[in-house]
Amino acid sequence: MQKFDFVYQARAGRVVFGPDSLQYLEREVLSLGAERALILCSPDQRETGEMVAARLGSRAAGVFNRVVMHVPIELAKEARALAKELRADCAIAVGGGSTVGLGKAIALESGLPILAVPTTYAGSEMTPIFGITEAGLKRTGTDLRVLPRTIIYDPKLSVSLPVGLSVTSGINAIAHAAEALYSRDANPVTSLLAEEGIAALASAIPGIVKDPLDMEARSGALYGAWLCGTVLGSVGMALHHKLCHTLGGSFNLPHAQTHTIVLPHALAYNRESAPEAMDRIARALGVEDAAVGAYELAKANGAPTALRDIGMRAEDLEKAADIASANPYWNPRPVERDAILALLRNAFEGISPR
Ligand code: NAD
């Protein structure tokens, strides 16, 4: 990397952070110049959605509580129509990446400002990247209109995230920062954010496992997620993200768990080709080797470490290697099909990447 030859693109966005920061919701809606908010949430988080609506009183235009994964186009159309019908002038996405994703699909068409209240560590709220699924294919793109204008990070809303998902979602965030450190367009500012993001999550995750109600740990994880999401929205991702998009998109594997299992193997693949980034990842994790550190972080905190345990079939590994090595993202080490197949086999078995 040429350290002093770079482009750093700051993204607009206002962050309100802290336990109980949801109390500022009405103020933040008004400061967007909005008065009638459509609230979005998943069926699992219906109560949280209703609570947010109650807090806004007459400024809540309605609650759309049927968010599902991967933003199906039919759902996006329904939510867009509802926003129009209710004359909503902003949307509030309360939940994980799937809910923020639906908010983005509304904003893409209508330009409606999005206020995000993230309750997982996925980081979508900090990126201008959208994804919409049509006829079984997820189309992704980048558009500044979808970038949430305001983000309220209230760690109290994340305590209900089950411990298992908290660990995998946290490692999903770490994966953004790890790849940002060896990204082709890495720069000193995003690398600072990435290293701090990894360190915050690596120390918060064991704290959450020990006590899911620990507000210090929950706050640290959400802070790390913010930083990791910021770098995801600023610089290009590489092999790890390509592998996870392949496994999620073509084999329907769960998002955060897939990231958790693949990360150590993607890091091992790039180990020799990005030594400076590996040193920084290892330093942030407090370990000697980045790949082994990522593997141990998952294992020690009860996360899955083998693709075979989350629904991958051995007979699909060859096909996955074909898809992942066709049209690869830029990566510090060239993407070679047979080496990718070996990586996937290790991830399938859950072998430590020593
Ligand atoms: P998710 O949004 O699908 O949430 C997983 C489950 O957890 C849901 O059932 C949800 O209701 C529940 N949940 C969330 N927060 C909870 C809480 N605090 N308490 C109880 N239950 C809670 O999962 P995710 O991992 O946050 O997001 C994954 C999706 O986001 C993927 O589709 C991925 O592609 C997308 N994503 C997009 C970007 C981007 O930049 N566009 C970035 C990251 C992720």
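## Helix 10 and its surroundings

The buried residues of helix 10 pack against helix 5 (163–181), helix 6 (188–210), helix 9 (255–270) and helix 11, where helices (H or I, at least four residues) and strands (E, at least two) are DSSP runs numbered from the N terminus, and contact means heavy atoms within 4.5 Å. Helix 10 covers residues 275–285, and its buried residues are Ala-277, Met-278, Arg-280, Ile-281, Ala-282, Ala-284 and Leu-285; buried here means under 20% relative accessible area, exposed over 50%, and partly exposed in between, with a 1.4 Å probe and protein chains only. After helix 10 comes Gly-286, which has a positive phi near 75°.

## Basis of the model

The structure is a predicted model, in which local features need pLDDT of at least 70 and side-chain atom pairs count only at pLDDT 80 or more, while totals for chains, interfaces and linings use all residues. Residues are numbered from 1 along each chain as its sequence is written, and side-chain values use heavy atoms, with hydrogens and water left out.

## Overall form

The protein contains 13 helices and eight strands, and its C-alpha trace spans about 55 × 45 × 40 Å along the principal axes. The radius of gyration is 19 Å, which agrees with the value near 20 Å that a compact globule of 354 residues would have; this radius is taken over C-alpha atoms, and the globule rule is 2.2 Å times the number of residues to the power 0.38.

Of the 354 residues in the protein, 57% are buried. Among contacts with a separation of 6 or more, 76% are between residues 24 or more positions apart. The protein exposes about 14800 Å², of which carbon and sulfur atoms supply 51%, with accessible areas taken from the Shrake-Rupley method with a 1.4 Å probe and, for residues, only the protein chains shown counted as cover. The mean positions of the 34 positive and 38 negative charges are 4 Å apart; Lys and Arg count as positive and Asp and Glu as negative, without His and the chain ends, and each charge is placed at NZ of Lys, CZ of Arg, CG of Asp or CD of Glu.

## Two domains

The domain assignment gives domain 1 (14–158) and domain 2 (162–349), with bounds that come from an automatic or database domain assignment. The centres of domain 1 and domain 2, taken over C-alpha atoms, are separated by 26 Å, and 17 residues of domain 1 are in contact with 19 residues of domain 2.

Most residues other than glycine have a negative phi, and most peptide bonds are trans. His-70, in the loop between strand 3 (60–64) and helix 3 (73–85), has a positive phi near 70° although it is a residue other than glycine. Val-71 lies in the loop between strand 3 and helix 3 and has a positive phi of about 45°, again without being a glycine. His-70 counts as partly exposed because its relative accessibility is 29%, whereas Val-71 is buried, with a relative accessible area of 5%.

## Thr-150 in strand 8

Thr-150 belongs to strand 8 (residues 150–153) and counts as buried because its relative accessibility is 2%. Not counting residues up to four places away in sequence, Thr-150 touches Arg-14, Glu-28, Leu-32, Ile-114, Leu-115 and Ala-116. One of these partners, Ile-114, is 36 residues from Thr-150 along the chain, with the two C-alpha atoms separated by 7.1 Å. Ile-114 and Val-335, by comparison, are 221 residues apart in sequence and 37 Å apart in space, C-alpha to C-alpha.

## Loops and the end of the chain

Val-335 lies in the loop between helix 12 and helix 13 (337–349), and, leaving aside neighbours within four places in sequence, Val-335 is in contact with Leu-239, Tyr-269, Ala-324, Ser-325, Pro-328 and Ile-340. Thr-305 is found in the loop between helix 11 (290–300) and helix 12 (317–325) and counts as buried because its relative accessibility is 17%. The contacts of Thr-305, without residues up to four places away in sequence, are Ile-261, Tyr-295, Ala-298, Lys-299, Ala-347 and Gly-350.

Arg-354 lies in the segment after helix 13 and counts as exposed because its relative accessibility is 70%. Even so, Arg-354 touches Arg-271, Val-292 and Glu-296, not counting residues up to four places away in sequence.
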